[in-house]
Amino acid sequence: MRYGLSIPPFTDTATLLSLTREAEEAGWDGVFLWDHIQWAVGMDTQDPWVLLGAMAQETERVRLGTMVTPLSRRRPWVVAKQMTTLDHLSGGRAVLGVGLGDPQDLDFADMGDVADPRERARLLDESLDVIDQLWRGPTEHAGEHFTVTGNFTPRPVQQPRPPVWVAGVVPNLRPLRRARRWDGVVPLAETGTITPEQLVDYLGRVPADENRSEPWDIVAGWAEGVPAQEYADVGTTWLIASTRPDEEGWVESLRKTIRTAR
């Protein structure tokens, strides 16, 4: 099992880069960024894609990516190009985490983006298909939302593609079925983390033989007080620690996690 840190990019860029370096030095296996336009009123919010390029230059070993990007508000061909560039900058360490996104009002409706979750889900599915095609080679796509003709070069370092992890809130099964088509699932409880017991129950609701990718990652948020071994025992491949950025002192709390939780 690998260990990852999911950082809310809600502070200054120098602090975010220092957290990334500290995580690699402490032996963490991945560093991921939340992807929001605005998460709370008055809270500084940095762009994860610009930061990921800087993080690739500041690190040598850790996996890097978003956790998670709402593809419904992004042009898929732009994300495909951004991910390919990140994969080259990092020497093949990029991961694309995707989902519907939240909060529905501040981060979508207030920005003029599609807010309806069903429509965002349809955009997510088609966007993933477009990104995958562009990564693999010449593309002729005509779908409900996008018409794309392209032949992107260079290809990603990782072939046939960088890993794609799909997030969804338990107990919804549509995100899990979507994740089975790709390279991993990021199951979220309403509290943001999931217990090993919840994880087993959730994954058992969609047969594993629907999985089209091997290996397939199970990426679980680390619930406070639960031993890491309990997650490993139920098949978790990535255990992710994070924090609540609306709590005072969250940066120092995250630093303590970096030093002590791994």
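**A parallel barrel and the helices around it**

Good morning. I begin with Thr15, which is buried at a relative accessible area of 17%; buried here means under 20% relative accessible area, exposed over 50%, and partly exposed in between, with a 1.4 Å probe and protein chains only. Please note that this is a predicted model, in which local features need pLDDT of at least 70, side-chain atom pairs count only at pLDDT 80 or more, and totals for chains, interfaces and linings use all residues. Residues are numbered from 1 along each chain as its sequence is written, and side-chain values use heavy atoms, with hydrogens and water left out.

Thr15 belongs to helix H1. Helices (H or I, at least four residues) and strands (E, at least two) are DSSP runs, numbered from the N terminus. The side chain of Thr15 forms a polar contact of 2.9 Å with the side chain of Asp12. By polar contact I mean a pair of N or O atoms within 3.5 Å; within protein, one must be able to donate a hydrogen and the other to accept it, and residues adjacent in sequence count only if both atoms are side-chain atoms. Setting aside residues up to four places away in sequence, Thr15 also touches Val251 and Arg255, where contact means heavy atoms within 4.5 Å.

I turn now to the barrel. In which order do the 8 strands close into a barrel? The order is S1-S2-S3-S4-S7-S8-S9-S10, with parallel pairing; two strands pair if DSSP finds at least two bridges between them. From one strand to the next, the twist averages 25°. Axes here are lines fitted to C-alpha atoms, for helices over the stretch in contact, and angles run from 0 to 180 degrees between N-to-C directions.

Helix H2 (residues 48-58) packs on the sheet and touches S2, S3 (63-70) and S4 (94-99), its direction making about 175° with that of S3. Helix H4 (residues 117-136) also packs on the sheet, touching S4 and S7 (164-169), at about 160° to the direction of S4.

Leaving out residues up to four places away in sequence, the contacts of Trp49 include Asp35, Thr66, Arg74 and Leu96. Beyond its neighbours within four places in sequence, Met55 is in contact with Leu17, Thr20, Val31, Leu33 and Leu64. Met55 and Arg21 are 34 residues apart in sequence, yet 8.2 Å apart in space, C-alpha to C-alpha.

S1 runs parallel to S10 (residues 238-241), joined by 4 bridges, and Leu5 stands opposite Ala241 in S10. S1 also pairs with S2 (residues 30-33) in the parallel sense over 4 bridges, and the bridge partner of Leu5 in S2 is Val31. The chain passes from S1 through H1 (residues 13-25) to S2 in a right-handed β-α-β crossover; right-handed means that, with the strands pointing away from the viewer, the path from the first strand over the helix to the second runs clockwise.

Finally, helix H6 (residues 196-203) has Pro196, Leu199, Tyr202 and Leu203 as its buried residues. They lie on the same side of H6, because they cover an arc of only 125° around the axis, the arc being that of the directions from the helix axis to the C-beta atoms. Thank you.
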